Amino acid sequence: MLFLLIAGVIGYGIGLGLDTLIMKSVRYSAPVPSAFALLFAFTAFFFGIYGYRGITRGLVYQIIGTLVGGLVVTGIRGLMGLSLFGGFFFTEPAWVFGGIAGAVSFLFGVGVMSDWVKWARGMDTPEHHEDEPGWEKYFDVSLDHKVIGIQYTVTALFLISVGGLFALIFRTELAASGLQFLNVGMSLFGQNGPQLYNTLMSLHGMIMIVSILLGISGIINYAVPLLLGAQDMAFPRMNAFAYWVSVPASVLLLMSLVLGGFDTGWTGYPPLSAKAPVGMQMFFLGVFVAGWSSILGALNVIATVLRMRAKGMTAWRLPIFVWAAVATSIIALTATQLIGLSFQLVMFQRLLGMGFFDPAKGGNPVLFQHLFWFYSHPAVYVFVLPGLGVISELLPVFARKPLFGYRWVAMSSLGIALVGFLVWAHHMFTSGMNEYLRVPFMYSTLLVAVPTGVKFFSWVATLWKGKIETPTPMLFVLGAVLVFLFGGLTGPPNATVSVDLHLHDTYFIVGHFHDTIFGGFVFPFFAAIYYWYPKATGRRMNEFWGKVHFWLMTPSFLILTFGMMRIGLLGMRRRIADYDPALGFDFTHLILTICAFGIATSVLIFFINFFHSIKHGEKAEGNLWNSRSPEWQVPSPMPAHNYDVPFEVVGEPYDYGLPGSKYVEFVGEKSKH
Amino acid sequence: MRHFVIVGILVIAMAVLTYFGLNAAGLMPEAASLQAGPIDWLWNLEVMVISFLFALIIVPMFYSLIVFRRKKGDMTDGEHIEGNARLEITWTVIPLFMVAIFAYLGAGNLAETRRIDPDAMVVKVTGIQWSWKFEYPEYGVVSDELHAPVGRQVLLQMTSTDVIHSFWVPEFRVKQDLVPGRTTELRITPTVIGDYKVRCAELCGTSHAYMEKPVIISSQADFDTWMSGQVALAAEAAQTPEGRGQALVAANGCAACHSIDGSAGIGPTWRGVAGSQVALSDGTTVTATDDYLYSSIKAPQSQIVAGFEGQQMPVYGFSDEQIADIVAYIKTLR
């Protein structure tokens with residue numbers, strides 16, 4: 001903590017000095033000192049707890065890389081006779097090149113490339129790298145999928161709290177009409193109040209999206225090899241690379257806040273994004289770099305599932321979560337490029353004056369929206385399919401009954417993934433695209449309701465006549481079903497074009513998608529953490545506080561989204577810092593803000609429970625949930641290379657209630673009988 | 001069997017309660033256009049189906065949670081039911097039909113809202129960061145308010161000078177983006193006399209929240225009175241440079257950023273600016289002469305007033321004469 005403070009002050013001092021030098025006036029709340037303070041504090045934090053290796057070295061390399069990259073471009077500009085410095089210290093091209101150089105330097109610094117570098121130089125490396133024991137392995141490069149899964153999960157939780165904090169700030173501003181503290185007079189990071197509101201709101205969106213991508217990677221990385229009976233993922237080094245690339249991406253995203261911010265929402269529509277401050281470029285870069293994580297991770301999942309299943313694990317005997325992971329990975333592998341590409345085009349438009357989306361140069365702003373949504377709609381299914389998989393995976397365990405219609409549930413995931421590619425333009429019903437296109441997109445969008453319905457009906461049928469237990473993971477599963485139901489039911493009205501003309505860009509949409517994301521990701525994510533936590537640590541999280549977390553978060557969240565939808569229908573627009581008091585929304589907004597703090601409190605309780613239980617949780621080394629799944633047939637925590645004895649699949653995964661049946665049998669087990 | 005009967009009754013009761021509950025809460029704002037009719041009709045139909053589906057899932061789920069919960073001490077598993085292909089086909093095929101029906105209804109409904117009236121009054125709409133400009137070609141009038149007579153279709157031909165905006169009056173339901181470099185259309189037939197507001201629905205930058213202007217629907221007679229007043233005012237204003245400048249300022253929404261009463265805004269206030277000493281962001285100070293004011297409008301980013309570094313004033317396509325008129329107007333603001 002002390003390191004954090006001191007380094008923050010030093011960084012601020014250096015930044016302030018540089019800024020004063022260039023701008024010839026002292027600007028205390030200017031972007032550059034803040035950027036330096038952020039980077040230094042971040043680095044020092046890890047130095048303080050971990051020393052100069054692993055992540056700390058990566059961050060130091062990133063800072064140096066950014067500065068060197070920026071200075072190189074500045075030098076070239078000097079030779080060309082262009083201006084050297086701007087209001088953000090470096091000029092925009094220098095920041096962009098510096099950002100790329102910094103991200104690449106991070107990867108070398110953290111050491112995730114070192115095996116590849118050695119191979120390129122003709123040197124041999126061992127097949128496995130043994131990790132340090134204890135918590136320290138999580139701060140360095142590890143090739144163990146379980147360590148990487150936990151690294152992903154913890155990074156996701158960190159980003160969720162950052163994104164949530166941003167939400168609390170602007171939610172507080174919205175508690176009453178008028179601008180209270182984010183007003184025109186204030187100035188922070190070179191932005192006035194409404195601009196800062198826009199930046200926080202936009203970053204809330206993208207940081208949450210990145211945290212979701214990391215969160216699903218966390219569950220998938222941890223669970224899939226265990227469920228398959230594999231020793232690790234198919235490509236352990238690429239797996240580590242996919243995780244570590246997300247760290248500099250997160251740093252870039254956070255830097256966009258202090259480098260002038262950006263006011264476009266997470267969608268970054270030009271021409272607005274072509275005019276925004278340099279923070280926009282950091283945002284584009286951050287998303288671009290994070291995209292690599294998603295693409296490479298997805299490739300790894302597909303290869304692992306195709307090649308590394310235990311003996312006897314045929315397609316129809318795969319755990320249902322694996323089906324969901326595959327469906328998600330197909331989308332992430334093939335669609336993520338489009339968001340990277342569309343942001344890259346805007347980046348080039350800004351840097352090189354290429355007029356892709358500039359009407360004055362014959363460009364077309366609507367084209368961007370097509371490119372963007374071609375990823376960003378399927379991305380929604382990337383977010384929710386693993387969560388729906390968690391629901392389907394855990395329901396049978398706690399209902400003590402087979403998953404109803406296993407094959408239908410498995411195929412519905414693939415169905416959603418495939419139909420998801422054909423619906424993107426439903427985000428553009430009011431955009432001014434060709435009018436006749438709206439009708440076919442209405443048909444395809446409504447079609448998504450069919451496989452989603454199959455899932456709901458199958459879940460309810462799974463519960464029917466079960467023997468239902470409700471420990472914390474099951475509570476979150478049931479909460480997920482309920483919340484996702486509200487998200488699902490409020491979807492079709494947006495698909496019918498004429499009704500969407502009213503609903504588009506209002507708080508109705510905001511409420512709708514928060515329901516789908518909470519039901520499809522947040523609740524299942526918490527369920528998965530409560531469920532697999534004992535597997536990872538050998539201890540379980542506190543049950544009482546887990547239930548407090550659930551019973552505080554669920555009602556707060558439901559009121560929050562119902563309130564959003566209600567005022568949305570009545571005329572509350574999306575993404576506004578202030579609203580007309582004549583609309584009479586003040587009271588509702590106050591309630592919504594209180595609910596937001598309710599959710600934040602519940603998540604804080606979760607965090608304390610999460611970290612406290614690592615050392616002080618109740619011991620849980622056996623088959624805590626009485627599950628049939630292979631990972632629960634061996635003692636917790638899982639050994640470094642997973643199963644000491646390989647297993648063979650001899651039955652159906654979810655045959656609860658069928659006496660004498662077994663899903664897996666460990667080799668040699670039979671002869672003991 | 002007993003379970004199914006109870007659940008069946010509860011589902012129906014729940015569906016009816018949900019639907020009437022939602023209706024009693026009043027979901028939509030007042031409907032004030034012809035286009036709102038079919039939209040509200042379809043929405044109502046959707047709320048009905050949503051209420052039913054909600055009950056269909058929620059009732060058996062909570063029923064199971066209560067009736068089929070594990071009793072204390074019971075360590076047995078539930079019934080071994082793996083699935084039922086006939087049931088799965090049912091709940092795939094019926095939704096498929098419903099989807100097709102709704103898409104068909106939706107297409108007809110969309111056509112309904114797009115119905116063309118050849119007598120429509122044309123209004124040219126321009127979105128500007130962060131204001132609206134309405135031109136009435138039939139009358140040669142420009143205003144920052146939308147006035148229209150009740151009962152006559154208005155054809156809005158819309159474009160933007162800078163970024164994407166979106167035209168939305170919640171009471172009229174329909175919404176359409178304004179895209180720079182092209183013209184989009186929206187048809188609205190107001191049916192209720194009253195004062196509304198157009199609110200920009202597409203994030204357009206710093207003052208997006210305040211991009212609202214009055215929309216006034218009145219009787220034909222009141223509309224004609226207002227319009228002739230505007231025509232007279234425009235004619236009078238056109239006589240002097242200050243008057244022409246003031247009209248340009250009003251039509252282009254300059255007041256969205258620049259106050260004329262000295263209060264703080266996104267841009268510097270205009271009150272008393274002419275002839276004053278202006279501190280610039282590079283540390284220098286200049287006197288606000290006519291030339292300075294001219295260049296500040298012509299090339300806004302060339303000299304930035306201290307404290308406004310983060311702002312990006314758009315370049316407006318004013319002619320030199322128009323800028324001179326605006327400068328003349330600014331000089332009247334003492």
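Two strands count as paired here if DSSP finds at least two bridges between them. Helices (H or I, at least four residues) and strands (E, at least two) are DSSP runs, numbered from the N terminus. This is a predicted model, where local features need pLDDT of at least 70 and side-chain atom pairs count only at pLDDT 80 or more, while totals for chains, interfaces and linings use all residues. Residues are numbered from 1 along each chain as its sequence is written, and chains are lettered from A and ligands numbered from 1 in the order in which they are written.

**View 1. A three-stranded open sheet in chain B.** The strand order is β4-β10-β9, with mixed pairing. β4 (146-149) and β9 (194-199) of chain B sit at the edges with a single partner strand each, so one side of each has no neighbour in the sheet. On average, neighbouring strands are turned by 25° against each other, direction ignored.

**View 2. β4(B) beside β10(B), with a helix on the sheet.** β4(B) and strand β10 (residues 212-218) of chain B run parallel, joined by four bridges. Look for B:His147, which stands opposite B:Ile216 in β10(B). Helix α4 (residues 220-237) of chain B packs on the sheet and touches β4 and β10 of chain B. The direction of α4 makes about 140° with that of β4(B) (axes are lines fitted to C-alpha atoms, for helices over the stretch in contact, and angles run from 0 to 180 degrees between N-to-C directions).

View 3. Strand β6 (residues 165-168) and strand β7 (residues 175-178) of chain B pair in the antiparallel sense over four bridges. B:Trp168 stands opposite B:Lys175 in β7(B). B:His165 and B:Phe167 point one way from β6(B), B:Ser166 and B:Trp168 the other, and all are buried (20 or more other C-beta atoms, placed from the backbone, within 10 Å of a residue's own). Six residues lie between the strands, and B:Arg173 takes a positive phi near 75°.

**View 4. Helix α3(B) and its packing partners.** Helix α3 (residues 85-113) of chain B reaches 42 Å from its first C-alpha to its last. Its buried residues include B:Pro95, B:Phe102 and B:Leu110. The buried residues of α3(B) pack against α2 (36-67) of chain B and several helices of chain A, among them α14 (406-419) and α16.

**View 5. Where chain A meets chain B.** 80 residues of chain A are in contact with 74 residues of chain B (C-beta atoms, placed from the backbone, within 7 Å). Helix α16 (residues 449-463) of chain A gives the most to chain A's side, with eight residues.

How values were computed: Two residues are in contact if their C-beta atoms, placed from the backbone, lie within 7 Å. The expected span of a helix is 1.5 Å times one less than its number of residues. A residue is buried if 20 or more other C-beta atoms lie within 10 Å of its own, exposed if 12 or fewer, and partly exposed in between; C-beta atoms are placed from the backbone.
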